[in-house]
Structure formats: structure tokens, C-alpha cells
Amino acid sequence: QHELGVEALGAAFVEDADAALTLIYQPDSLLKATLRYEQIAISDDPRLSRTPRQPGAAIRVGMIVANLVDDVVAYSKRVVSFARHIDTDRFQLHVYSSENLCLRTRQLPARCLAQTSTEWAPKTMAFLKERNVPVYLAPRNTPYIETAQILARRIASDAIDILIVQSGPAMPIDWLACRWAPVPVKLHIHIGAPLYQRGIYATFFDNAVNLERERATWPEYAGRLVLLRKGTDIDVLDSQSALSRAAFGLPPDAVLIGVLSNHIDKRLSPAYLDVIASVLAAEPQAAFVAIGGRELPPHAVAYFKAANLFHRVHHIPGQRQVGCALKILDIYASEFPVGGSQSVVEAMACSLPVVAMRYGATHVECAGADIVGAPIAIESNDPEAYRNLLLHWVRDPDARRNAGADLRKRAQTKFSIHDYVRQVCAFGVEKIDTVFKLERTNENPVEPSTSKTISK
């Protein structure tokens with residue numbers, strides 16, 4: 001019953017994230033689900049103990065993800081960024097993939113990724129090996145709860161000091177492994193939904209609106225809420241050269257308006273297409289480029305054909321090196337109502353002017369505007385203002401060049417991945433210094449895996 005319950009809860013959240021996002025943004029639903037996880041954590045607790053830390057050893061930082069994917073998934077890219085930018089004189093990084101989002105030999109018939117981290121992330125795995133970062137892939141032939149126990153035991157045996165989790169309630173293996181792992185300091189990077197887990201020292205939000213929404217119902221036991229802007233690896237983007245326009249049949253002199261997304265079929269909404277079509281109709285020198293997926297979504301093809309604009313609409317398949325694709329554009333037009341966030345930061349780092357609108361109060365509706373910031377972002381649900389800014393930049397190359405330069409500076413000062421990694425590690429060190437002092441006095445500040453009481 002516990003196993004079926006865990007799988008069903010995880011599957012429900014995965015389906016919800018792919019559809020209406022009705023569960024993710026309901027604190028009551030999340031609290032009930034995580035309370036169920038907590039009950040299972042208590043009843044199936046492996047009661048692990050932490051391997052003693054060797055005096056003078058580097059601080060061991062563990063990072064849990066649900067799977068690894070080369071280049072295109074934000075949390076997997078963040079693993080690579082930590083490996084590249086963490087201070088190796090002070091820290092030793094370990095990576096743990098629960099494989100929770102991969103097809104498992106035993107599971108309910110729910111949505112998943114069909115391939116393993118080994119199949120989807122060969123480049124990432126090779127890079128981590130070059131950086132001497134140990135990677136552990138949890139087994140896929142065991143039930144969820146047993147897999148979480150195996151993962152927690154591995155974390156315990158590695159004597160991890162700071163555990164960073166990039167998962168939510170949709171990944172029950174990650175949730176339970178984190179709960180059971182006897183680690184002094186646990187940190188959560190919010191990637192859409194909170195863990196609501198006891199023992200978490202801090203949860204990092206990259207969006208202020210998201211943080212304030214969560215604060216209203218945040219349980220005291222779930223730890224601190226911290227606003228920390230997500231970063232991008234500007235040095236890597238700078239090393240990538242623009243794709244050739246000719247290679248994709250793009251007009252050499254056109255002003256290219258574009259967007260990049262892993263979910264291009266869902267992000268090209270009717271309201272968004274209306275604005276793009278209006279701009280194309282008003283400015284013959286403009287063209288639109290959708291980057292991502294295997295082909296332009298059928299509904300977008302039908303829309304632009306009906307508007308007699310399809311000859312000025314282009315598609316570039318998903319690219320492993322996003323900087324190469326972004327640099328082919330002149331203007332980045334962030335999607336709405338649901339828009340991306342990491343691609344907005346990357347576009348800014350590539351010196352592109354970015355049009356982004358605060359469509360609503362949820363993270364996916366305002367992340368782009370929050371990242372772009374005043375005075376460039378459209379700070380209300382105003383498609384006409386969005387259209388006018390696009391038109392202004394299409395018509396005025398100096399204005400879009402200046403806006404791109406301003407956003408590049410903003411990316412460098414507020415969204416550097418090097419600073420992000422440093423600050424996350426600093427939070428861990430802030431807490432763990434106290435732990436190490438207690439350990440030196442022969443006290444044990446790390447409690448057993450779970451508490452035997454549950455707050456209703």
C-alpha cells in the first residue's frame with residue numbers, strides 16, 4: 001500500500017505539471033501529499049547513521065536530481081555549473097541521480113522519460129568524470145521506497161556534509177532519500193514546488209513572486225525561505241558562436257524575432273501568436289523563429305498560414321548549445337501566458353533585447369518579467385505594450401542594441417552562475433560550522449533519519 005501510494009502521488013504531480021498546474025499551486029494539496037510522504041518516511045525508516053567526518057577533510061557537497069539530461073534541462077545544467085564553479089579547495093562535489101523520471105521496471109503506467117541518465121546525458125557524465133565528481137545512479141529495478149532507502153544509504157556512506165536537492169513532490173524517491181539521509185545540512189533549490197520537509201535548512205527561490213506566494217502558507221518546520229537569483233554560465237555562452245542563417249534558410253537581412261523552449265508546442269499560445277503576427281504584418285523586414293522541438297507545432301503552422309505570414313516564420317530544432325541558437329536572433333520575445341525563465345537569462349547573457357510581460361502572479365506567468373526587470377519588462381498584463389516594444393526594437397536598431405547591452409550587464413551582475421554556486425555553498429557553510437563545532441565536542445547534532453512525531 002505504501003509503495004502504490006508513493007507512486008500514485010508522484011504520478012499525479014507529474015501529470016499535473018504537464019497539464020493545468022492545479023495541484024502544484026495549491027498549498028493544501030502539497031501539504032497533504034508531503035504529510036503522506038512523511039508518514040511513509042517514519043514507517044519505513046532505515047534508521048541510518050552518518051559516517052564520521054575525517055578531520056581536515058574537504059566539505060562534501062551532495063546534489064540530488066531526478067535524472068541527468070545533456071544541455072537542455074535547467075536542473076541538470078545546474079549540476080554541470082556546480083561542478084565547474086565550486087571551490088574545489090574547500091568542497092568535494094558528489095552527484096546522485098534517483099532516476100525517478102526514467103522508465104522503471106516496476107511502476108504504475110504513468111508519464112516518464114523513456115531513457116536513463118546514461119543514455120540521455122553522456123556528455124554530462126563525461127564532464128563530471130573529467131572534474132573528478134563521483135556520480136551515483138540509483139537502480140531502476142527496485143520499488144520506489146526501496147530505491148530511496150538505497151540512495152539514502154549511499155549518501156550516508158559518502159559522509160555528505162551538505163545535501164542540495166533539486167526536486168519536488170513529483171519525485172518521491174528524491175523526497176524520501178533526502179528525508180532519510182543523515183546529513184547535517186540540507187538545502188532545497190525550488191524548481192516549481194516546495195518539498196515541505198522537516199530538516200531542510202533553507203529553500204532557494206529565484207522568483208520573488210513565487211517566494212511571497214509560498215510564504216503565506218509556509219510551515220515553520222520547512223526551514224528558511226531565501227531569494228537567490230538563478231544564474232547562467234556566461235563564459236560558456238560567450239564561447240559559443242552564432243549559427244549560420246543560411247544553414248536554416250533564414251533571410252540574411254531580416255530582423256529576427258525569436259523564442260527558445262523545450263516546450264515549444266505548448267508555449268506558442270494563441271495570445272502570443274496574435275502579437276507576433278501583428279508585428280510581422282506591420283513590419284515587412286521582421287521574421288519569426290521558433291527554436292526547440294523537432295518541428296513547428298501544427299497549430300502554429302495553421303495559424304500563420306491562415307494569416308498569410310507562414311513564409312516569414314521559421315523553425316530551428318532544439319540545439320545542444322543554446323548560445324549558438326540564441327545569437328542568430330535580433331530580439332528575444334518571451335512567451336506568455338506561460339513562459340520560460342532560464343532561456344530569458346541566457347538571452348540576456350547573449351546581449352539580446354528581451355521582451356517579457358508579467359502576465360499573472362504565478363511563477364510561469366511572471367518569471368521572465370521578473371528576470372528582465374524594470375524599466376524594460378512589461379510589468380502588467382498588457383499585450384499592446386508588449387507589441388509596441390517589439391515594434392520599437394524592430395524599427396530602431398540602436399534602441400535594441402542599447403537594450404541588449406543593458407540586459408547583458410544585468411545578467412553579469414545579477415545572474416552569474418559563479419556567484420550563485422558560491423552563495424548556495426555559503427549558506428551550507430553558515431550552518432555546518434556549528435555542526436562541526438558540536439562534533440569536535442563529541443556531541444551528535446545530526447538526528448536519526450526521521451522524527452517519530454508528525455505535526456498535523
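Which residues in α11 meet which residues in α12? In this predicted model, L273, D274, I276, A277 and L280 form the α11 side of the contact. On the α12 side, the partners are H299, A300, Y303 and F304. By class, seven residues of this contact are nonpolar, one is polar and one is charged.

The geometry of the pair was computed from the helix axes. Helix α11 covers residues 270-282, and helix α12 covers residues 298-306. Their axes come within 11 Å. The crossing angle is roughly 35°. The crossing of α11 past α12 is right-handed.

The cysteines were examined next. The model contains zero disulfides. For a disulfide, two cysteine sulfur atoms must lie within 2.5 Å. The closest cysteine sulfur to that of C324 belongs to C350, at 8.9 Å, and is therefore too far for a bond. C324 is buried, with 9% relative accessible area. For C425, the closest cysteine sulfur is that of C178. That separation is 16 Å, so it is also too far for a bond. C425 is likewise buried, at 5% relative accessibility.

A further site is T232, which lies in the loop between β7 (224-227) and α9 (234-238). T232 counts as buried because its relative accessibility is 5%, under the 20% cut-off.

Methods: Residues are numbered from 1 along each chain as its sequence is written. This is a predicted model: local features need pLDDT of at least 70, side-chain atom pairs count only at pLDDT 80 or more; totals for chains, interfaces and linings use all residues. Side-chain values use heavy atoms; hydrogens and water are left out. Buried means under 20% relative accessible area, exposed over 50%, partly exposed in between (1.4 Å probe, protein chains only). Axes are lines fitted to C-alpha atoms, for helices over the stretch in contact, and angles run from 0 to 180 degrees between N-to-C directions. Helices (H or I, at least four residues) and strands (E, at least two) are DSSP runs, numbered from the N terminus. A crossing is left-handed if the near helix is turned anticlockwise from the far one by less than a right angle, and right-handed if clockwise. Contact means heavy atoms within 4.5 Å. Ala, Val, Leu, Ile, Met, Phe, Trp, Tyr, Cys and Pro count as nonpolar, Asp, Glu, Lys and Arg as charged, and the others, Gly among them, as polar.
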